Amino acid sequence: MNNKAWMRKIGLLFLLCGCAYFLLGRMENRILQYEKHFQKGMGKGESTTTILYEKKGVTIEKKEPDTLYARSAALYDANGERVLFGKKQNTKMAMASTTKIMTCIVILEYGGIDDVVTVSKNAARQPDVQLNINTGEQYHLKDLLYSLMLESHNDVAVALAEHVGGSVEGFASLMNKKAKEVGCNQTNFVTPNGLDATEHYTTAEELCKIAAYAIKNKDFLEIISTPSHSFQEITKGKSFSVSNKNRFLQMYDGAIGVKTGFTGNAGYCFVGAVKKNENVLVSAVLGSGWPPNKNYKWSDTKALMDYGFAYYSKQDFFQEEISLPLLQVLAGKETEVSLKTKKITASMLSDGQDTEKVVMELKENLVAPIKANEKVGSIYYYLNNKIWKEEPIYTTKSVDGVDFSFALEKIWQCWKLL
């Protein structure tokens, strides 16, 4: 190669270096401008919202259970985890012995089924309804759970609570912790037996959520569906027999529970559950009459269940495929990055009128460097114009930012081609 050719190549090399320096400067300036744009209240950059698809339901005529005696009521799809019907379902109410649904499930989860429970003086002096246990007596925890749920004994509730929680107050903390875990934000427990107490309340909807959670536990389900249970006190052999007071088990085909309750403040209350063809409905009626109208809770519950099974059947939602775009990357060694998200589908009870919509919210572009699995947006799943689930969108890989060594490498590759 003669000197003129070398001079041309060296000149081109300097020209490319100059161009690279100029472009890097322009890119740095663009990045600074982009970052200033973020700081003007745009958070981490502008996002765009796109409707990926939506579907409308059909209109049907149906008669809702509008003659309920209960002051508050809810009908809940246990598998689909949503309310199908409500009457003041979010109003805070006293719930009497339906409290013991939470008492039982917390004891099953925190206690040992073969534990020995020693009765305290505080437990023995609880008001009716009582098993009439005495201070110092000992019982197997499992036996007391049948007494708790079949005949709703208040002394047993306190004995179990003190055994598992150390005290009634300690056990109430466990109950409230579990309530939050189940998704109940308008529920507060003070007692394990449901006797009237200030700041002891729930809502019909949240009581359904608690029951729907509890019946997934096989030991809980076995206890509440048992007709009768016999057992003995451990030290002296005193015998007991308890029988199930839930008449709904014999009143409704497919009934599997759950719990009755009554206090002067709460009125008659009942949480029911029915399973048919793998579909599980849970209902709650609070303040469903006062003496002598103890049967209102049964007629209210039957009306709710009849309504649910008459109009609702299983339907699949969010079955359409979702395609995510490539996202532009500014100042990166690569100009775009692919994205990923978890695909959500649902199968739940529906009356056919439900609408569904899937919306994508995504950043317009990114500035390198970016990390793999960095959140850049969300997919929102709407059911009846309310967000049902949100699923994040992530980058699939990292992208490094452009630097001088990267620019020189590109210049070298170009120079070799001259």
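Reader: Before we start, what kind of model is it, and which cut-offs on pLDDT apply?
Author: The model is predicted, so to speak of local features needs pLDDT of at least 70 and side-chain atom pairs count only at pLDDT 80 or more, while totals for chains, interfaces and linings use all residues. Residues are numbered from 1 along each chain as its sequence is written, and side-chain values use heavy atoms, with hydrogens and water left out.

Reader: How many helices and strands are there?
Author: The protein has 11 helices and 19 strands, taken as DSSP runs numbered from the N terminus (H or I, at least four residues, for helices; E, at least two, for strands).

Reader: And what share of the residues is buried?
Author: Of the 418 residues, 47% are buried, where buried means under 20% relative accessible area, exposed over 50% and partly exposed in between, with a 1.4 Å probe and protein chains only.

Reader: Switching to H2 and H7, at what angle do they cross?
Author: The axes of H2 (residues 100–110) and H7 (residues 204–214) come within 10 Å and cross at roughly 35°, with axes fitted to C-alpha atoms over the stretch in contact and angles running from 0 to 180 degrees between N-to-C directions.

Reader: Which residues meet there?
Author: Ile-101, Met-102, Ile-105 and Glu-109 of H2 meet Ile-210, Ala-211, Tyr-213 and Ala-214 of H7, contact being heavy atoms within 4.5 Å. These residues divide into 7 nonpolar, no polar and 1 charged, counting Ala, Val, Leu, Ile, Met, Phe, Trp, Tyr, Cys and Pro as nonpolar, Asp, Glu, Lys and Arg as charged, and the others, Gly among them, as polar.

Reader: How many aromatic pairs does a search of the whole structure find?
Author: It finds 14 aromatic pairs, that is, rings of Phe, Tyr and Trp (its six-membered ring) with centres within 6.5 Å, called stacked for planes under 30 degrees apart, edge-to-face over 60 and tilted for the rest. One of them is the stacked pair of Phe-231 and Phe-240, at 5.4 Å centre to centre and 15° between the planes, and both residues are buried.

Reader: What about Phe-262 and Tyr-268?
Author: That pair is tilted, with 4.6 Å between the centres and 35° between the planes.

Reader: Why does Phe-262 count as partly exposed?
Author: Because its relative accessibility is 35%, whereas Tyr-268 counts as buried because its value is 11%.

Reader: Which residues do ring pairs link into a cluster?
Author: Phe-85, Tyr-307, Tyr-311 and Tyr-312 are linked in that way.
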